[in-house]
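Me: I'm new to this structure. Please take a close look at the ligand surroundings, and then show me what else there is to see.

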Amino acid sequence: MKKKVVLFYPPYDGPPLGAPLCLLSLASPLLEAGFPVSVIDAAIRPGYDELILRETQDALCLGISLLTGPMIRTAIRVARRVREAHPGLPIIFGGWHPSLTPAQTLQPDFVDVVVRGQGELTLVEIARRLADGRSLEGVRGLSRKENGRIVHEAERPVENVNSLPTPAYHLADFDAYARLRGRRELAYATSVGCPYACHYCTDQVFYQRRFNAYRAERVVNEVVELAGRYRIDEVAFLDSNFPVDVKRALAIARGFIEHQARFRWTVQASTDLLCRMSDADVQTLAESGLYHIGFGTESASPGVLALMNKRHQRVADMFATAEKTEKAGIHVTFNIILGYPGETEADRLQTFRVMSEIARRHANVSFSPNIFTPYPGIPIWPQLREMGVREPQSLEEWNDLPLGKNVLPWLQGEELLRLRRMLEFFLLNNQIRKAASRHRWLRRGFRCALGAPIRWRLRRSRFDFPWELWVARATERLVTRRSLLTGQALSHSLEEVC
Ligand code: B12
Ligand code: SF4
């Protein structure tokens, strides 16, 4: 009897991260239920097409995980090839993109099932039904086809993560990722769900604003054990908002200190939560190895923050966060969203000025500016449609969504050109300031000469005849985006952002 489940993670844009945690999380309960699992991550398997075709020869089903964007193209190609080679093999799509667009994702004939939301229990139930030759009718949390019709089964309530097994890390080839990354990394999620409801974010759609977290002892024991077993240098915590439970966050840090953990770690957080911690608390985080935090600060205009439904994010907290983390020696990246519906040029200038001031006072802060991207399922789609944004109508069309780049009808022509210049001046100013503190007097003098007029421009919002940018382009390498997870540089060309 066929029992093997093949799970595939298509290639994505940007530098490869560690093993895809979603597939390791899905594999674990399948293995417990007696289904062997083959995990194939395109990032480390160059000949993955042929490997998938071989592995699916004797498989029960193929599962493909998808985020919005370029992963879709390969998912479609691979699913088509598998359908041709093994016509009877059920093909299941899961992950954020299919969950947010289940009906669209099910349209093509090579997708049989979409698993919506958390997948561990749903996939085990699917595997059991398929192995027994039973229908998938009534399996909660999935959408499927029946006589050419799309059927959405009832929602599956979000499972308490403490009742789920540890992801199957033994299936990950840590050596292969280390060769790509230059260090040994562990991707680990201590929680799912964020209590906030920012209008551009789909976390609330997936997890209904409920913070669902492992207990601190479980995190400490598992991470310390895994770090020892796989000789880990760095742990990337993938939680949407790690310190929602501040006491738990600190208990985890203290646990790492007690165990004399030697790895460093990174998280994503919101500034209001960090500001609930004392300086001594933040110092404890740093002592336990926390070296980078990504913050979704997004804008320094209270008006835009209100439009984003982000009232928990206060400008004063951004300054306080920068100060607290600098004192503790933690590097931070502030994400910025530009071009949000309703944002005016005055809002944008305010954001650049406030962020420049933060950077002037605190050398530990870097920025990751992005043009607002209308991802599927975000709560402001009705408003976006009214404002003329065209919503992609099929799985294929979402593949062409240019991630982090401009598709906004209200950001075109002169307006876009001005935004690009402002952004470039802002980034250059920060980069020059950082570099000036590191270099010898001659280069420092050159950079200061370049920095003064740029700061004047930002203060006066004068961006015409940008000679400093021409000089800088010839001499500097401008880092325009950084990863919120690691702070690592993502792109160097402004064209890639705008
Ligand atoms: C890590 C991460 C990435 C990594 C993933 C690679 C890796 N090796 O881990 C990378 C760098 C690729 C990435 C990229 C992007 N990401 Co990202 N990323 C995340 C993050 C922080 C964690 C994901 C994770 O591993 N979670 C833990 C696992 C256990 O949960 P999970 O992935 O959701 O998987 C569960 C279910 O989804 C489901 N499931 C998943 N796959 C499958 C497959 C099958 C067959 C089944 C049955 C079920 C199933 O079951 C799993 C277990 O419950 C999430 C935020 C978050 N907190 O989840 C954002 C998130 C998923 N990313 C997001 C975004 C916006 C992006 C980018 C578009 C950013 C950009 N501008 O470039 C890109 C898109 C891809 C690309 N660039 O090509 C959005 C969602 C976007 C979307 N609509 O798809 C999220 C939710 C962040 C947010 N709140 O906005 N990302
Ligand atoms: S705080 Fe972050 S994770 Fe939470 S809803 Fe807002 S953007 Fe999403």
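Reply: I'll start with the ligands and then walk through some salt bridges, loops and a surface patch.

A quick note on reading it: residues are numbered from 1 along each chain as its sequence is written, while chains are lettered from A and ligands numbered from 1 in the order in which they are written. This is a predicted model, where local features need pLDDT of at least 70, side-chain atom pairs count only at pLDDT 80 or more, and totals for chains, interfaces and linings use all residues; side-chain values use heavy atoms, with hydrogens and water left out.

Let's go to ligand 1. It has 36 residues around it, and Ser65, Thr68, Trp96, Glu120 and Ser240 come nearest (a residue is near when one of its heavy atoms lies within 4 Å). By class, that shell splits into 20 nonpolar, 13 polar and three charged residues. For the classes, Ala, Val, Leu, Ile, Met, Phe, Trp, Tyr, Cys and Pro are nonpolar, Asp, Glu, Lys and Arg are charged, and the others, Gly among them, are polar.

Now for its polar contacts, meaning pairs of N or O atoms within 3.5 Å; within protein, one must be able to donate a hydrogen and the other to accept it, and residues adjacent in sequence count only if both atoms are side-chain atoms. A polar backbone atom of Gly119 is 3.0 Å from an oxygen atom of the ligand. With Tyr375, a side-chain N or O atom sits 3.0 Å from a nitrogen of ligand 1. The elements that give two or more residues to this shell are helix H1 (21-32), strand S3 (59-65), strand S4 (91-94) and helix H4 (96-100). H1 gives the largest share, four residues. Helices here are DSSP runs of H or I with at least four residues, strands are runs of E with at least two, and both are numbered from the N terminus.

Ligand 2 has Cys194, Tyr196, Cys198, Tyr200, Cys201, Ser240, Lys310 and His312 around it. Five of these residues are nonpolar, two polar and one charged. Ser240 also turned up among the residues that come nearest to ligand 1.

Next, salt bridges. Side chains of opposite charge can pair when their charged atoms come close. Here a salt bridge is a side-chain nitrogen of Lys or Arg within 4 Å of a carboxyl oxygen of Asp or Glu, and the whole structure holds 35 of them. Take Arg218 and Glu222, with their closest N and O atoms 2.9 Å apart. About one helical turn separates the two, because they are four residues apart in helix H9 (residues 216-229). Both Arg218 and Glu222 are buried. Buried means under 20% relative accessible area, exposed over 50%, and partly exposed in between (1.4 Å probe, protein chains only).

Arg390 and Glu397 also meet in a salt bridge, at 2.9 Å from N to O. Arg390 is exposed, as its relative accessible area is 56%, whereas Glu397, at 28%, is partly exposed. Elsewhere, Arg181, Arg183, Glu185, Glu234 and Arg264 belong to one network, joined by salt bridges that share partners.

One more pair, Arg149 and Glu146, bridges at 3.5 Å, N to O. Asn147 is in the loop between strand S6 (142-146) and strand S7 (149-152). Most residues other than glycine have a negative phi, and most peptide bonds are trans. Asn147 has a positive phi of about 50° without being a glycine, and Arg231 has a positive phi of about 50° too. Arg231 sits in the loop between H9 and strand S11 (234-237). Asn147 counts as exposed because its relative accessibility is 79%; Arg231 is exposed at 53%.

Last stop: the surface. Phe465, Trp467 and Trp470 form a nonpolar patch with about 360 Å² of accessible area together. Patches are built from residues with over 30% relative accessible area and no salt bridge, joining like charges within 9 Å and nonpolar side chains (Val, Leu, Ile, Met, Phe, Trp, Tyr) within 5 Å. The areas come from the Shrake-Rupley method with a 1.4 Å probe, and for residues only the protein chains shown count as cover. Phe465 lies in the loop between helix H19 (441-460) and helix H20 (467-475), and is exposed at 56%. In H19 you'll find Arg457, which is buried at 5%.
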